[in-house]
Amino acid sequence: EISDFVAKQSRKAKSNGRHCRNIIRQLMSYAVREGVREHNPALDIAVAMPTARRRVLSDDELRAFWIAAERPEGVEDLTLSRLMGIALRMAAVTMQRGGEVVGMRWDEIDRSARTWLIPPERMKGKKAHLVPLSDLALVLLDEAAAEVEGNGSDYVFPSPRSEDDVHIDRRAFSRAMNRLVDAIEIPNATPHDLRRTGATALTSERIGKPRFIVSQVIAHAADTGGGAAVTGQHYDLHDYLVEKRKALDEWSALLESIICGAAPNRQ
């Protein structure tokens, strides 16, 4: 039964099957420790390991994505709310994970400092992450505010499908991206590919930022060890804020030039 269930989840996504198997394995290990079961039936269940994605969107694909997300009503057979389109574009501009973007709260935004502080409980690494906001990101915030004006939600991207004050569902965000790229015939593109596209542009000759700074922008584990790592993890909230701001400003400038068709067309 466990094997069949895990296989079914793996058909949706390899990572789904792996996560489900691991949770069931932990549950059954607990049952063995408590004497409820004599052995753990999930120990011998194999799962497919995910293949590392390398998908990066071309300039033409980025431009088509942006135009469709900005004006979804102009794309044939595309069902996408304007608010969802803003969320997708925000993910591209800030290079943060989809779950972090859809869960963005107004009290996390400091307009005067032009920053977005993501609390540790919403971060994959469980460390608060300070994201500098470019001019383009602030424009998107204004668009979102106008779109939800008067609803009183704490969230920048509130769910339209719930009477409670909750944000857009992360799975709905991924499904919206799937609908968008299918409608404009961009093959095999996910929200996470927007993040990879931005990171790749930052380290390329187009912008030329060190990989370490890009790691700070996208909140990957720091490359340093020892005392420096401890300081970054527990004390230094403003890790490389100046460098992160320059990187995201330059990425936004490049993205705007791509959208306007002024940047060189590169694969």
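For this tour, Ala, Val, Leu, Ile, Met, Phe, Trp, Tyr, Cys and Pro count as nonpolar, Asp, Glu, Lys and Arg count as charged, and the others, Gly among them, count as polar. The model is a predicted one, in which local features need pLDDT of at least 70 and side-chain atom pairs count only at pLDDT 80 or more, while totals for chains, interfaces and linings use all residues. Residues are numbered from 1 along each chain as its sequence is written, and side-chain values use heavy atoms, with hydrogens and water left out.

**The largest pocket**

Begin with the largest pocket, which holds about 1400 Å³ of space. To bring up its centre, select Arg53, Lys124, His192, Arg195 and Arg196, which are the closest to that centre among the 35 lining residues. A pocket here is an open set of points on a 1 Å grid over the protein atoms alone, where a 1.4 Å probe fits and protein lies on both sides within 12 Å along at least five of seven lines, and lining residues have an atom within 4 Å of a point. The volume is the space filled by probe spheres set on the points, which are joined across faces, edges and corners.

Next, colour the elements that give two or more residues to this lining, namely helices H2 (14–33), H5 (98–102), H7 (170–183), H8 (191–203) and H9 (211–217). Helices (H or I, at least four residues) and strands (E, at least two) are DSSP runs, numbered from the N terminus. H8 gives the most to the lining, with eight residues. Sorted by class, the lining has eight nonpolar, 14 polar and 13 charged residues.

**Helix H1**

Move to helix H1, residues 2–12, and select Ile2, Val6, Gln9 and Ser10, which are its buried residues. These residues lie on the same side of H1 because they cover an arc of only 105° around the axis, the arc being that of the directions from the helix axis to the C-beta atoms. Buried means under 20% relative accessible area, exposed means over 50%, and partly exposed is in between, with a 1.4 Å probe and protein chains only. On the other side of H1, select Asp4, Arg11 and Lys12, which are exposed.

A polar atom of the threonine 94 side chain lies 2.8 Å from the backbone oxygen of methionine 90. Not counting residues up to four places away in sequence, threonine 94 touches Val101, Trp116, Val131, Ala137 and Leu248, where contact means heavy atoms within 4.5 Å.

From there, go to glutamate 108, in the loop between H5 and strand S1 (109–110). Is this residue, glutamate 108, buried or exposed? Glutamate 108 is buried, with a relative accessible area of 8%. Leaving aside neighbours within four places in sequence, its contacts are Gly103, Thr115, Trp116, Leu117, Pro119 and Arg122.

**Lysine 209**

Select lysine 209 in the loop between H8 and H9, a residue that is buried at a relative accessible area of 18%. Not counting residues up to four places away in sequence, lysine 209 touches Leu202, Thr203, Val214, Lys246, Ala247 and Glu250. With glutamate 250, the side chain of lysine 209 makes a polar contact of 2.9 Å; such a contact is a pair of N or O atoms within 3.5 Å, and within protein one must be able to donate a hydrogen and the other to accept it, while residues adjacent in sequence count only if both atoms are side-chain atoms.

**Two positive phi values**

Most residues other than glycine have a negative phi. Select asparagine 188, in the loop between H7 and H8, where phi is near 55°, a positive value; at 52% relative accessibility, asparagine 188 counts as exposed. Alanine 219, in the loop between H9 and helix H10 (226–234), has a positive phi near 60°, and at 23% relative accessibility this alanine counts as partly exposed.

**A last stop on helix H11**

Finish at glutamate 256 in helix H11 (residues 241–259), which is partly exposed with a relative accessible area of 39%. Draw a distance from glutamate 256 to valine 93: the two are 163 residues apart in sequence and 9.7 Å apart in space, C-alpha to C-alpha.
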